[in-house]
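Q: I would like a close look at a single part of this model. Please keep the answer connected and brisk.

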Amino acid sequence: MATITTTATLSFHSQNPIKTLPSFSLSNIPFSISKTNFTSFTNLSLSIPASKPNNASSPLNRYSRFSCNCISTATPNTNYEFSDSSSEVELRLSLVGLDIQSSRDIFVDADGTSLVVQVQHSGSHITLIETNKMFEKIKPAETIWFIDDDQLVINMKKQDPDLKWPDIVESWESLTAGSMQLLKGASIFLVGDSTEINQKVARELAVGLGYTPLDTQELLETFAKQTIDSWVLAEGSDSVAEAECAILESLSSHVRAVVSTLGGKQGAAGKAYKWQHLYAGFTVWLSQTEALDEDSAKEEARKNVKDRSVAYSNADVVVKLQGWDSDHAKSVAQASLSALKQLILSDKKLPGKKSLYIRLGCRGDWPNIKPPGWDPSNEAESIS
């Protein structure tokens with residue numbers, strides 16, 4: 001499988017318990033919803049190859065330290081025009097009041113995914129736009145620019161002519177708009193040790209994408225008429241995980257939903273043998289880390305997958321968080337979308353494969369989908 005690396009710069013330090021829900025259904029809830037791994041860290045992201053499932057899970061860690069940077073460094077001139085004409089994108093920047101004498105007063109540096117435009121004015125350089133992360137890749141050698149009256153026009157050839165750019169910069173707005181064409185209705189499941197983080201980030205993603213937000217904790221507590229904690233005390237965490245698995249089975253045939261799952265040992269996602277229905281959508285592992293720099297976090301992510309130390313390593317996308325603050329859930333959501341975008345661009349057939357997996361009954365054969373009629377129980381018998 002292809003391995004991709006990008007940078008998403010985000011950083012911050014019932015009274016009647018039940019054992020299982022075999023016939024749980026969400027048909028009465030008002031919504032219409034029908035491995036390559038990618039890791040995005042606080043200040044970093046990296047891709048890692050798919051791994052096998054694992055049964056272990058790790059406890060929730062909390063950090064008091066906190067700091068936050070923007071997802072991408074960009075200082076755009078607000079007075080610009082942007083257009084996408086299939087094979088190329090065009091950026092028009094206003095030169096009004098800058099007294100440009102000749103083309104020698106203009107500096108344009110386009111390097112794959114970054115862009116810097118400066119002009120010389122009154123003996124100093126003025127930055128018109130600077131971003132280290134355009135929406136997607138261009139062909140730098142084919143970039144041309146010229147002056148058209150009072151505008152600087154920059155034409156850039158896209159690496160992928162089929163991808164529509166909503167804007168020149170990869171921002172929250174452009175990601176949410178652009179992700180619609182890539183996801184093709186596929187749902188997103190957020191997993192990880194913290195239920196709170198899963199919930200907060202899921203809500204931001206749902207609002208941005210216009211998807212239906214679903215919270216398995218809320219659904220479980222409504223159905224059982226008791227809190228998850230009281231349920232665990234009465235029946236144990238395995239009972240809760242089994243019930244959540246039944247909910248995930250019901251949700252697996254739905255589209256355009258962002259689902260936040262239970263964190264830690266209480267949740268189904270913490271148990272590798274319960275991932276069968278999570279594979280129906282794109283899974284994002286929100287993983288807390290004590291790594292202090294990009295390289296350390298990359299190494300940690302590689303180790304997570306190589307060791308198969310936690311079931312969450314089955315996720316399509318991993319976002320490493322150094323600390324947590326709910327006020328910055330949107331930044332985490334942006335990093336998640338950025339990583340998902342790169343993952344799908346590495347293999348545009350992924351959404352279609354997810355759809356096929358659902359139609360064949362979510363049999364647990366992701367990502368190596370077997371032909372119709374394949375029975376995982378028979379497979380297990382033949383192996384034994």
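Is Glu88 buried, partly exposed or exposed, and at what relative accessibility? Please set that residue in its surroundings.

A: This is a predicted model. Glu88 has a relative accessibility of 21% and counts as partly exposed. The cut-off matters here: buried means under 20% relative accessible area, so Glu88, at 21%, is classed as partly exposed.

Start with the sheet. It is open and has four strands, in the order β3-β4-β9-β8. The pairing is antiparallel. β3 (80–85) and β8 (144–148) stand at the edges. Each of these two has a single partner strand, so one side of each lacks a neighbour in the sheet. On average, neighbouring strands are turned by 15° against each other, direction ignored.

Glu88 belongs to strand β4, which spans residues 88–94. Strand β9 covers residues 151–157. Seven bridges join β4 to β9, and the two run antiparallel. Strands of a sheet pair through backbone hydrogen bonds, either parallel or antiparallel. For Glu88, the bridge partner in β9 is Lys157.

Lys157 forms a salt bridge with Glu88, and the closest N and O atoms are 3.5 Å apart. Lys157 in β9 and Glu88 in β4 lie 69 residues apart, so the pair links distant parts of the chain. Lys157 is partly exposed too, with a relative accessible area of 28%.

Now the wider set. The count comes to 13 salt bridges. One of them joins the side chains of Glu242 and Lys274, at 2.5 Å from N to O. Glu242 sits in helix α5 (residues 237–251). Lys274 is in the loop between β12 (257–260) and β13 (282–288). The two are 32 residues apart, again linking distant parts of the chain. Glu242 is partly exposed at 32% relative accessibility, whereas Lys274 is buried, with a relative accessible area of 8%.

Glu300 and Lys320 also meet through their side chains, at 2.7 Å from N to O. Here helix α6 (residues 294–307) supplies Glu300, and strand β14 (residues 317–321) supplies Lys320. The separation is 20 residues. Glu300 is partly exposed, with a relative accessible area of 25%. Lys320 counts as buried, at 1% relative accessibility. Shared partners also occur: salt bridges join Glu90, Arg92 and Asp148 into one network.

Back to the starting point. Glu88 is partly exposed, has Lys157 as its bridge partner in β9, and forms a salt bridge with that residue.

Key:
Residues are numbered from 1 along each chain as its sequence is written. This is a predicted model: local features need pLDDT of at least 70, side-chain atom pairs count only at pLDDT 80 or more; totals for chains, interfaces and linings use all residues. Side-chain values use heavy atoms; hydrogens and water are left out. Two strands pair if DSSP finds at least two bridges between them. Axes are lines fitted to C-alpha atoms, for helices over the stretch in contact, and angles run from 0 to 180 degrees between N-to-C directions. A salt bridge is a side-chain nitrogen of Lys or Arg within 4 Å of a carboxyl oxygen of Asp or Glu. Buried means under 20% relative accessible area, exposed over 50%, partly exposed in between (1.4 Å probe, protein chains only).
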